[in-house]
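Here is a short tour of a multi-chain model, meant to be read with the coordinates open beside you.

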Amino acid sequence: MFVASRIAIAVSIIILIFIPQFASNYVIYVVILAMLFAILTASYDLLTGYTGPLSFCHAAFYGLGAYTSALLTLRTGMSFWQAFPITGIWVFLFAAAVGYPALKIRGHYFAVTTFFFGHFVYLFLLNSRKLTNGPLGLRGIRPPDSILGIDFSSITASYYLVLFFGVLIVGFLHLLVKSRIGRSLVSIRENEDLAESIGINTSFYKVLAFSISAGLAGLAGSLFAHFFRFLHPTDFAWMISEMIVIMALVGGLGTLFGPIIGAGVVKFFLELVRPAPELRFILLSIMLILVLLFEPKGLVGIIRRIRGEK
Amino acid sequence: MTEEGFKKVLEVRQLRKHFGGVAALSDVDLDVFESEILGIIGPNGAGKTTLFNIIAGFFPPTSGTVMCRGEELTGLRADQIARKGIGRTFQASTLFSQFTVFDNVFNAFHMHYKQPPWKALLHTSAVREEERTMKQKAMELLDFTGLASQKDKLAENLSSGYQKILTISIALATNPKILLLDEPVTTLSPQMVETVMGLVTKVRDTGTTVLIIEHNMKAIMDYCDRIVVLAYGEKIAEGLPREIGENREVVEAYLGVMG
Amino acid sequence: MDTLLLQIGNGLIIGSIYALVALGINVIWSIADVPDFSQGAIFVVSAYISYFAVTLAKIPYVLALVLGMCVGSFMAFIFERFLYRRWRGAGRVQLLCAIALFFLWTNVVNALWTAKAKMFPAYLKGSMFGFSYMRIAVVVVAAILFVLVYLFIMKTKIGKAIRAASQESEAAQVLGININTVNSVVFMLGGALSGAAGVLVSPLYAIFPTMGDLPLLKALVVVILGGFGTVGGVLICGLGLGVLETLGAGYLSSAYQHGYAFVILIIVLTFLPKGLFGKV
Amino acid sequence: MKKLPKLLLVIVLVGAMVVLGLSSSTLAADPKVIKIGYTAPFTGAGAEYGTNGWRGIQLALEEVNKKGITIKGEPYKIEIIRYDSICTPTEAVANVRKLAMEDKVVAILGDHCSSCCMAIAPLCDEFKIPAVTIECAADSVTKPGHEFYFRMRPSMGLMAPLGIPRIVKIFNPKTAGFININDDYGHSFRDSFKAELAKHGVETVVEEDFERGTTDFTVYLTKIKRVKPDVAFYVGAISEGALIVKQAREIGVTDQTALFGAEEMAEMELLSLAGAEAIEGTYALALWGSVDPAFAKRVMDRFNAPMHYAIIFGYDALHVVAKAIESAQSLDPVKIKDALKKTDYQGLEGHVKFESFEGYKNQGRFVPSIVKWVSGQRTVVE
């Protein structure tokens, strides 16, 4: 880790810590969503950036996490602090069960299959009226019970909760990626056959990356459910998966902090364009094509070029 | 060097492989002896690479078995077979092209880590210590194969000869007992052939058994202890380089002048 | 007519639309190795342009169909020439670009011509056995296009080059086949088919910016089910998916009508990784 | 280390931009302007609603601003700030927070989709800013309801008891069927109508859900044709309704089953989309009986678009809010909220009064009418 990047991260965290002190309620709300998306893009990067397979169903795990956590607290009276870890583990196991057969499929087939899997989860959330109250949405989700005297119904408390878990999750991902497990994942991305020939059980590691990435998205979903306190399937449709892919790519796949920067920049850009409703998604897709055309390694690629590296 | 005096390290029995009606291999038997260099030659499409892919576990045979020191390999995954001490290279020099030479080799030490994964995650002092020794081993291997001077170069920027040596170094990093080399010198200049084959002999001298698929007859004749000839999926000849040289059948199978 | 026959008829009509778009994507995928999502955008834009041609310029429907195909092949040519060609071999970048194009054009159409559904004026009146002539025309025209494409690929010189290139593109280059022209022709063929599908389906329903979403996704399933197989394979899988989906919605739960494609896809992929007619 | 400062500069700059850029509200609010917010879907599947609602608001805006609103002797003009909610709760909430915190609006109009209304209603109480929804239909928007959230149009739960008795009188059906869009609107319509029908001894024999974006309804209509209910309710956007009624006619569903459309199918646009012949003899529940032709002509001249209830609701909603601000004689949102509670305004759609009754709060109450399409004419059935 270069000293410069480490300082840059420290400065960013300090800025994030001080935002709620002087920013308006709306800015806090937008930054919370940006942080949630940063968790989503960072966890997405573990799979598509580091291990290789291109997937389009990340929002489905985000949705499964949100609904699982909401239903656990609503139907079983569990508190958020119990539901949160259980949700992460449940989505992790679900993703492993789905990922094992799915990851046998390679290349474009896998990408298109995940596209459909995401839509199928959306249909499931929409159509199971008894479980998720379907299109009428799930209301009355309680905020996390207060611990250490902090009342989490206020938006600033939710902000710090999301920031705290965000830093934890990104820290975990950073440790994972810098460990030899991370190096094995990158070997799989670079050349799967060669990785297999040096003793890496590629299918196990791919399913592992897929499941960890999904489990973390489930945790982000749980945080969203108890912050937003109202769930509706449209918040987890394929459009959101599309957004996550664009953010990760604009930031720079395979760099962990690239997708996080990408989440911030794209979310900020969408807020800037809020007054011009029709233009939002046009400019977003043009941004993606420009990135593909001029700097496939995204913002991180540009920063690296500025700093004159490889 | 007769066969009886040495221990068999690899036994291939009745190996058959069909790709939708096309018989890539039919009833191939093969015995390989400890620390010998066995050349495998034959015209294109003879099934040489298919044989390697089956031994290394990249796809299962239609029928037949592969035994390594009494243990059955058929049916195991490629990474399980790699753990059993069988290293391999690929026909096209397959590398982690975006990695540096050092990272290519350092990455290939994947199997030798003793520390459990969750400890690796926490980067405990023991893990960091283990990584330091692995880095040292990688440097030693680079010295052994003569790539130390180019360790920070990107693999894709190496000359084709040194890329071949890097593929061998990657395979050696798994510290194999048996090394399968798929056309290590085919496109190289004569001096580069000498360097690579010199390395292969050095590897054999450390006790590793080497199987080489090669079209460069001079390299095969000069360096191999024994030679097996495959044609149209069948083994048509086996023996010392001298015997193979005069064997009429081998010449016809090749339809060309040898060497 | 008995309900079952009616439902199968409905399925065949929808299925022929899936098959048409799927044929275009199939040819492109087997040559340029990219699932071309931007065909969905071509489907929508061609439908809108032929709608304006018919309503404003008052040109007859058949001409509008031809216009739609020309627009489609022109757009596909531009996409390939200036975007996909840059990344030949980098499959992932091409896929992401294809999806970005699809996303971009759906929103451009929404911005230009608003999201309000527009009704394509009917060009044929009357019905038979409970199917209006326009719906029957869809199957007939689709069949004609399939035959034309089959002849084009099997009998013409370029067709032979396309077949060679789909086997092994390096080998094709050795035989002196210019991969660039083959790619252009293949994309233009795909664009024409998607354009035709767009114009064919519009009179049955309405045209609106997101009309391309579902047909595109279904066509992708058909291509995977067909496993880059023959032209016939794509036709059978397209019609089959249409019928299965309709029967599923008809007799099982209707809410999951668009989910059955996924279920079929997973079943086929787990048991037949090469697809039903696959030769990959 | 000379690269360090450059990188640090970039990071600090980006951080500052993120914060400043977002809170880019106009610094000095123009004293003579009353700012009202409007959140609605302008893109995505629900774009039709937003476009029509905005047309109604613009017409009302011109009328209000022509004479202006005088508060304590000062003439004010209204300015509308509109944001896109894409019918997605997170976007609608972002809109309301920006309107409340950044643009400092005194009142909010919107949203159109029930999922968004349910997400923003609690926020209005939190920020103490009154909001009037344009067309959300789900009961839970105003039941139990929120102090600062108002709805003029009747909810589904209210429409059923008012509509069903007259429907039963017209068709005297034994069995009924539903083909409805698979969203909050479709489900709340079906649930309340099915319950009310059961009270009148009418059994629901077939229920078909379709997903937004579906264009081929023959699958569902064939099932309805097989079951032959006496009356079939078809619920969705107007373009979906037009397709359903055309395809139903084509398959011959209408030979044994009477078609009864939800609110959108009583709009003039159904005539232009489906054609007089396809909708001949079909009925629909209408949110407005007859509207004076002058207004209809104004809409056609200005927007070249047929009348639509969202236009009427947008028009009435702005007038109601303008009246409340004038009677409150203050720009304090809480005073405006209190004035809204005492609204008594004769709007295009009917008499607008916000009452709390039967568990509802701040809910308007008027009797929807029933419309029948006879040879291309929209006739109101008494």
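Across the interface of chain C and chain A, the rule finds 0 salt bridges. Keep in mind that this is a predicted model. Polar contacts do turn up at this interface: 4 residue pairs, both members at pLDDT 80 or more, meet the rule between chain C and chain A.

Which helices of chain C supply at least two residues each to the side that touches chain A? They are helix H4 (91-113), helix H9 (213-226) and helix H11 (260-271) of chain C. The most comes from H4(C), which gives 15 residues to the side of chain C that touches chain A. Sorted by kind, the residues on that side of chain C comprise 32 nonpolar, 6 polar and 5 charged.

The size of an interface is often given as the accessible area lost when the parts come together. For chain C and chain A, about 3500 Å² is buried between them, and 82% of it lies on carbon and sulfur atoms. The contact draws 43 residues from chain C and 36 residues from chain A.

What about the other chains? There are 4 pairs of chains in contact, and among these chains A and D share the most contacts.

| Pair without contact | Distance of closest C-alpha atoms |
|---|---|
| chain B and chain C | 11 Å |
| chain B and chain D | 22 Å |

Now for the sheet in chain B. Its 6 strands form an open sheet with mixed pairing, in the order E6-E7-E8-E3-E9-E10. Why is one side of strand E6 (86-88) and of strand E10 (234-239) of chain B left without a neighbour in the sheet? Both stand at the edges and each has a single partner strand, so one side of each has no neighbour there. From one strand to the next, the twist averages 20°.

Helix H6 (residues 160-173) of chain B lies across E6 and E7 of chain B and runs at about 155° to E7(B). Helix H7 (residues 190-205) of chain B also packs on the sheet, where it touches strand E3 (37-41), E7 and strand E8 (209-213) of chain B. The direction of H7(B) makes about 150° with that of E8(B).

Note on methods:
Residues numbered from 1 in each chain as written. Chains lettered and ligands numbered in written order. Predicted model: local features only at pLDDT ≥ 70, side-chain atom pairs only at ≥ 80, totals over all residues. Heavy atoms only, no water. Contact = heavy atoms within 4.5 Å. Buried area = accessible area lost by both parts, 1.4 Å probe. Salt bridge = Lys/Arg side-chain N within 4 Å of Asp/Glu carboxyl O. Polar contact = N/O pair within 3.5 Å; in protein donor to acceptor, adjacent residues only side chain to side chain. Helix = DSSP H or I, 4+ residues; strand = E, 2+ residues; numbered from the N terminus. Nonpolar A, V, L, I, M, F, W, Y, C, P; charged D, E, K, R; others polar. Pairing = 2+ DSSP bridges. Axes fitted to C-alpha atoms, helices over the stretch in contact; angles between N-to-C directions.
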